[in-house]
Protein chains: 2
Amino acid sequence: MPRRVTLKQVAARAGVSYQTVSKVINGKAQVSPETEARIWEAVRELGYRPHYIARSLRAQRSRLIGYSWPPSPPDQPNPILDLFLQSMFTAAEEAGYYLLCFPHHYGERQIESYRELIESARVDGFIVSSVEFDDPRLAFLMEKDYPFVAFGRSNPDWDFPYVDVDGAAGMVKVVNHLLERGHRRIAALAWPEASRVGQNRLDGYFTALQRAGIMPLDAWIARGEGRFDFGYQATLQWLDLPPDERPTAIVALNDVMAIGAMRAVQERGLRVGVDVAITGFDDYPLVQYLTPPLTSVRQPIWDIGQRIVSMLVALLEGQPLQERHVLVEPELIIRASSTGPAG
Amino acid sequence: MPRRVTLKQVAARAGVSYQTVSKVINGKAQVSPETEARIWEAVRELGYRPHYIARSLRAQRSRLIGYSWPPSPPDQPNPILDLFLQSMFTAAEEAGYYLLCFPHHYGERQIESYRELIESARVDGFIVSSVEFDDPRLAFLMEKDYPFVAFGRSNPDWDFPYVDVDGAAGMVKVVNHLLERGHRRIAALAWPEASRVGQNRLDGYFTALQRAGIMPLDAWIARGEGRFDFGYQATLQWLDLPPDERPTAIVALNDVMAIGAMRAVQERGLRVGVDVAITGFDDYPLVQYLTPPLTSVRQPIWDIGQRIVSMLVALLEGQPLQERHVLVEPELIIRASSTGPAG
């Protein structure tokens with residue numbers, strides 16, 4: 001790194017006092033236009049890098065990364081938020097950036113937030129998460145050709161840099177685990193078809209069953225909002241199926257549906273992990289403390305945050321991306337909800 | 001609001017073209033120092049407000065609020081993070097501000113983060129949460145006389161603007177609820193004495209018992225890290241006390257200790273809410289789905305986020321504060337863990 005030019009050198013070059021330079025650069029001095037011009041000229045010639053703001057004015061760079069995310073419904077935790085943010089803040093700080101966080105809006109106003117931040121030169125780029133098919137934020141940023149990195153994929157024919165969890169690989173691990181324990185009738189608590197993440201995870205369910213030569217009954221796929229009540233109600237219906245159709249295992253695409261399924265099984269006097277195996281997805285911190293503890297799939301969130309920021313910083317600094325599309329594999333955490341008390 | 005000065009007016013006054021003004025203001029033009037000085041002079045005379053960055057350079061204002069918080073341990077959720085952030089982002093945006101979020105560091109480096117943000121004029125003020133006694137962040141910001149608002153109180157003799165939850169009032173509600181249901185032997189899962197929040201909540205426990213003429217046994221107060229295992233182990237010990245000392249109710253200062261207590265009670269073959277009443281604090285989204293659902297205390301987090309930001313904005317804009325110290329009362333949410341199946 002070249003040695004930093006000092007304010008003193010700028011003052012000497014401009015032929016004014018140190019205090020005058022400092023005041024002008026900090027916008028606090030009323031000096032003649034000529035003096036001000038001479039100071040800025042010296043700043044430019046010497047390559048002095050003053051405070052962030054003055055620097056930004058010259059470089060049109062804010063060294064801020066914009067990030068916004070949809071809030072979780074009040075009865076549901078966001079399983080990754082704290083770790084994901086901390087990881088991104090840390091990676092950004094190491095590269096000399098900070099995150100500017102802004103509220104999530106719906107409809108037209110969502111895009112307006114992005115537009116305002118671009119037009120006011122507030123941020124140099126964006127991180128976008130909770131990505132869906134036809135995501136209007138991605139469409140807008142691609143059209144504007146403004147730098148961003150997404151946590152998640154979108155339409156297959158849209159090309160943009162992303163990091164994503166291989167949800168299908170995670171579900172393959174879950175279903176293989178259940179197959180190994182002898183389960184053949186495995187039901188799935190899924191999201192509506194429009195859900196990009198849900199579709200990806202469900203693909204893994206079908207893939208693993210197909211490899212095992214099992215064709216799931218239509219009745220084993222329940223689609224709904226990923227809430228407790230949906231998991232609870234769908235499970236009650238499954239428990240009413242005739243014995244040869246009744247699932248012996250239930251895989252949920254998130255933890256909170258799995259918790260609903262556990263409640264339904266327990267209310268019927270059955271034992272979770274013994275009579276019916278249940279698994280979740282996300283490995284929310286509290287699920288290890290449920291009775292029984294919940295088998296789940298853990299996403300390497302710290303790693304994802306670090307990679308997303310380093311990709312975006314590379315884009316902002318004109319460096320080549322090592323990888324433009326990164327898929328990370330999640331980890332299966334096996335607990336008693338799928339194995340019974342023996343673990 | 002005064003009518004906005006246009007770039008065109010600036011160009012006319014400086015006697016240069018619109019394009020030149022635009023380029024100079026955006027740091028993209030190489031014009032003579034004299035021309036540049038003339039343009040900035042016109043900008044100043046007319047009061048033109050260019051892009052945020054140029055404006056900040058003149059006004060020394062970034063319209064950014066700095067916020068950092070300690071990450072939760074991996075086995076514990078942060079019960080308020082998402083809602084608190086969304087509330088603050090929304091209030092800030094409405095006032096024309098954004099949040100700049102930065103990583104939490106420990107030791108000396110923690111203060112360095114604050115110092116850097118001040119010295120680089122990155123943020124106009126701070127929001128500080130997870131406040132403790134002798135909090136070094138507050139000490140530093142008070143010494144620097146830099147604007148901030150805290151979520152939480154600290155040393156009684158430190159005077160700074162804050163919003164806090166009245167944790168003592170919350171615990172009084174919990175204990176009164178248990179007293180009304182006939183409990184007389186009520187134990188508490190508490191934090192170490194150094195915990196400012198823990199001390200406040202525990203005060204409410206003592207206050208309510210004292211009002212009822214009950215002197216709690218020393219053995220009923222267990223202090224430790226607010227984790228599942230601590231709640232679990234302490235409860236096992238209580239269940240081993242002689243019948244006339246054994247608690248019939250357990251109040252925990254957070255939800256995760258309460259969940260540990262539930263596990264211990266259930267492992268001994270006792271029924272939570274029937275044989276032993278258990279209550280938590282924070283009303284974490286998932287606790288309504290436990291078996292049985294957990295009685296807990298809910299903090300009005302959205303309201304707190306809004307108030308903190310509006311107080312800080314008032315400080316930044318030189319307006320008088322309506323209230324400098326705001327205490328909000330939390331709400332008791334009664335569920336089956338303290339009442340049995342009848343609710």
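Strand 2 (residues 98–101) of chain A pairs with strand 2 (residues 98–101) of chain B in the antiparallel sense, over three bridges. A pair here takes at least two DSSP bridges between two strands, and the strands themselves are DSSP runs (E, at least two residues; helices are H or I, at least four), numbered from the N terminus. Within this pairing, C101(A) sits opposite L99(B). The model is a predicted one, with local features requiring pLDDT of at least 70 and side-chain atom pairs counted only at pLDDT 80 or more, while totals for chains, interfaces and linings use all residues. Residues are numbered from 1 along each chain as its sequence is written, and chains are lettered from A and ligands numbered from 1 in the order in which they are written.

Zooming out, the pairing belongs to an open, mixed sheet of twelve strands, ordered 11(A)-5(A)-4(A)-3(A)-1(A)-2(A)-2(B)-1(B)-3(B)-4(B)-5(B)-11(B). The edges are taken by strand 11 (325–328) of chain A and strand 11 (325–328) of chain B; each has a single partner strand, so one side of each has no neighbour in the sheet. On average, neighbouring strands of this sheet are turned by 20 degrees against each other, direction ignored. Angles of this kind run from 0 to 180 degrees between N-to-C directions, with axes fitted as lines to C-alpha atoms (for helices, over the stretch in contact). Helix 5 (residues 81–94) of chain A packs on the sheet, where it touches strand 1 (64–68), strand 2 and strand 3 (125–128) of chain A as well as strand 2 of chain B. Contact means that C-beta atoms, placed from the backbone, lie within 7 Å. The direction of helix 5 makes about 135 degrees with that of strand 2 of chain A.

Four bridges tie strand 1 of chain A to strand 2 of chain A in parallel, with L64(A) opposite Y98(A). The chain gets from strand 1 to strand 2 of chain A by way of helix 5 of chain A, a right-handed β-α-β crossover; right-handed means that, with the strands pointing away from the viewer, the path from the first strand over the helix to the second runs clockwise. Strand 1 of chain A also pairs in parallel with strand 3 of chain A, again over four bridges, and there Y67(A) faces I127(A).

Strand 6 (residues 186–190) of chain A pairs with strand 8 of chain A in parallel over four bridges, placing A188(A) opposite V251(A). Strand 9 of chain A is also a parallel partner of strand 8 of chain A, over three bridges, and V251(A) stands opposite T279(A) there. Strand 8, helix 11 (residues 255–267) and strand 9 of chain A make up a right-handed β-α-β unit.

The largest nonpolar core has 97 residues, and A261(A) and A261(B) have the most contacts inside it. Such a core is a set of buried Ala, Val, Leu, Ile, Met, Phe, Trp, Tyr and Cys residues joined through C-beta atoms within 7 Å. Among the residues that A261(A) touches are L189(A), I250(A), A252(A) and I278(A), leaving aside those up to four places away in sequence. A second, separate core of 78 residues includes I65(B), V131(B), L138(B) and L141(B).

The peptide bond from T291(A) to P292(A) is cis, with omega near -5 degrees, and P292(A) lies in the loop between strand 9 (277–279) and strand 10 (296–298) of chain A. A cis bond also joins T291(B) and P292(B), with omega about -10 degrees. A121(A), not a glycine, has a positive phi of about 55 degrees; A121(A) counts as partly exposed because it has 19 C-beta neighbours inside 10 Å.

Note on methods
Contact = placed C-beta atoms within 7 Å. Buried ≥ 20, exposed ≤ 12 C-beta atoms within 10 Å, placed from the backbone.
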